[in-house]
Amino acid sequence: MDGANRRIAIQLACSNDYPTALALDVTRNWLYWVDYYYNKLEVYEFPSNTRREIIAAHSEPFLSYPNGLALLGNHLFWTSDDWNLKAIYRADRKTGEHAEAVLTTQNRVIALYAFENDTTVTPVTDQCNNNNGGCSQLCLLTPFGRKCKCSDGLSLRDDGISCHAPPQFLLFADATNSKIMKVTPHDSQSLTYLPLSGMYGQPVALAYDIVEDRVYWTDVSRGYISRSFLNGSSQEVIIKRKVNRPYGLAVDVIGRNLYWVDTNKLEVSKLDGSYRTALITTGLDQPRDIVLDGNKGMMYWTNLDTNPKLSKLK
């Protein structure tokens with residue numbers, strides 16, 4: 001269950017097939033599904049490689065545009081997307097006969113899940129039950145034992161259990177789609193977006209703190225400066241007052257400070273937004289970007305006024 005060894009389990013013959021819901025008999029290793037287009041219910045018995053219809057296409061009036069499916073005891077239960085069938089239905093799991101409504105509702109029912117307290121599951125391995133299998137983040141079951149995985153934006157170390165940021169990566173702001181993207185150089189397949197919530201503004205400036213593995217960004221549409229860990233966790237707004245167009249941002253990894261340029265000023269704060277103060281408030285007109293040289297104690301920024309220039313300050 002780590003996403004590896006992907007293959008087609010059952011090849012559906014027709015392009016119009018529309019399987020919408022699954023149910024699994026873990027004891028028999030049988031997989032059931034309903035088809036929204038053909039209004040049928042099928043099963044595939046993996047031990048014998050046998051596929052058969054339990055309810056044939058368009059043969060059961062209650063099986064109309066089925067959405068949800070669940071197995072419980074000797075019955076298969078399903079829901080319908082048909083506005084005239086606002087109920088949960090069931091039928092014999094072997095024959096599909098004796099279909100009936102077990103619960104009538106006022107609204108459409110979509111998803112369906114069945115739970116049985118007496119069900120016993122024997123896992124392929126119990127490694128993940130003990131100290132998360134030794135994994136620093138995700139512990140996933142596979143047919144060959146447990147496997148550690150990392151959240152988006154992080155890579156698994158050679159030890160196979162701990163996670164870290166890749167040694168080289170690019171971050172860029174997609175202001176059009178309100179996303180912050182990450183990609184490893186020379187590997188376009190590694191392109192992913194940071195799993196951030198509430199991203200509906202315009203991220204523009206970016207900065208990264210290698211010490212804490214955090215990314216910082218400005219939102220020029222809302223006038224916010226925010227941060228989160230590279231995996232998207234601990235997302236927070238750290239500056240949201242008296243900010244206009246913060247186009248430039250930089251992290252001082254040595255002094256543990258955050259610098260940014262706004263419409264006509266250059267400001268600094270601690271990395272959590274505290275102790276904010278303006279360093280330069282005159283002689284700046286449309287500063288666009290800022291970079292820091294922590295080794296020499298220097299900072300550089302651009303000005304886009306009527307006399308464009310690059311400036312520096314010790």
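A disulfide is a pair of cysteine sulfur atoms within 2.5 Å. I start from that cut-off, since the first entries are about cysteine pairs. I also note that this is a predicted model.

**Entry 1: cysteine pairs**

I searched the whole structure and found three disulfides. I then numbered the bonded cysteines of the protein chain in sequence order and read the pairing as 1-3, 2-4, 5-6.

I looked up Cys 128 and found a disulfide to Cys 139, with an S to S distance of 2.0 Å. The torsion about this S-S bond is -80 degrees, and the link of Cys 128 and Cys 139 is left-handed. Cys 128 sits in the loop between strand 8 (100-104) and strand 9 (138-142), while Cys 139 is in strand 9, so this pair ties together parts that are 11 residues apart in sequence. Are these two cysteines buried or exposed? I get a relative accessible area of 18% for Cys 128, which is buried. Cys 139 has 16% relative accessibility and counts as buried too.

I moved on to Cys 135, which forms a disulfide with Cys 148, the sulfur atoms being 1.9 Å apart. This link is left-handed, with -75 degrees about the S-S bond. Cys 135 belongs to the loop between strand 8 and strand 9 and Cys 148 to strand 10 (residues 145-149), so parts 13 residues apart in sequence are tied together. I noted both Cys 135 and Cys 148 as buried.

I then took the disulfide that joins Cys 150 to Cys 163, S to S 2.0 Å. Its torsion about the S-S bond is about -95 degrees, so I wrote down the disulfide of Cys 150 and Cys 163 as left-handed. Cys 150 is in the loop between strand 10 and strand 11 (155-156), Cys 163 is in strand 12 (residues 163-164), and the two are 13 residues apart. Cys 150 and Cys 163 are buried.

**Entry 2: the chain as a whole**

I counted the elements of the protein chain and got zero helices and 26 strands. The radius of gyration is 28 Å, well over the 20 Å that the globule rule gives for 314 residues, so the chain is more spread out than a compact globule. I read the spans of the C-alpha trace along its principal axes as about 85 × 45 × 35 Å. Of the 314 residues, 40% count as buried. I also checked contacts between residues at least 6 apart in sequence, and 32% of them join residues at least 24 apart.

**Entry 3: the largest nonpolar core**

Which residues have the most contacts inside the largest nonpolar core? The core has 19 residues, and I listed Tyr 32, Leu 41, Ile 54, Ile 55, Leu 69, Leu 76 and Trp 78 as those with the most contacts inside it. Two or more residues each come from strand 1 (19-25), strand 2 (30-35), strand 3 (40-45), strand 4 (50-55), strand 5 (66-72), strand 6 (75-80) and strand 7 (87-92). In soluble globular proteins, nonpolar side chains tend to be buried together.

Leaving out residues up to four places away in sequence, Ile 55 touches Lys 40, Leu 41, Glu 60, Leu 63, Trp 78, Ala 91 and Gly 96.

**Entry 4: Ser 178**

I located Ser 178 in the loop between strand 13 (170-174) and strand 14 (179-184). Ser 178 counts as buried, at 11% relative accessibility. What does the side chain of Ser 178 reach? I found the backbone oxygen of Gly 201 at 2.6 Å. With residues up to four places away in sequence not counted, Ser 178 touches Met 199, Tyr 200, Gly 201 and Pro 203.

Over residues 213-255 I get 0% helix and 49% strand, with the end C-alpha atoms 16 Å apart. Over residues 256-296 I get 0% helix and 51% strand, with the end C-alpha atoms 15 Å apart.

**Entry 5: Met 298**

I found Met 298 in strand 25 (residues 298-303). Met 298 has a relative accessible area of 8% and is buried. I also took the separation of the C-alpha atoms of Met 298 and Thr 277, which is 18 Å for residues 21 apart along the chain.

Conventions
Residues are numbered from 1 along each chain as its sequence is written. This is a predicted model: local features need pLDDT of at least 70, side-chain atom pairs count only at pLDDT 80 or more; totals for chains, interfaces and linings use all residues. Side-chain values use heavy atoms; hydrogens and water are left out. A nonpolar core is a set of buried Ala, Val, Leu, Ile, Met, Phe, Trp, Tyr and Cys residues joined through side-chain atoms within 4.5 Å. Buried means under 20% relative accessible area, exposed over 50%, partly exposed in between (1.4 Å probe, protein chains only). Helices (H or I, at least four residues) and strands (E, at least two) are DSSP runs, numbered from the N terminus. Contact means heavy atoms within 4.5 Å. A polar contact is a pair of N or O atoms within 3.5 Å; within protein, one must be able to donate a hydrogen and the other to accept it, and residues adjacent in sequence count only if both atoms are side-chain atoms. The radius of gyration is taken over C-alpha atoms; the globule rule is 2.2 Å times the number of residues to the power 0.38.
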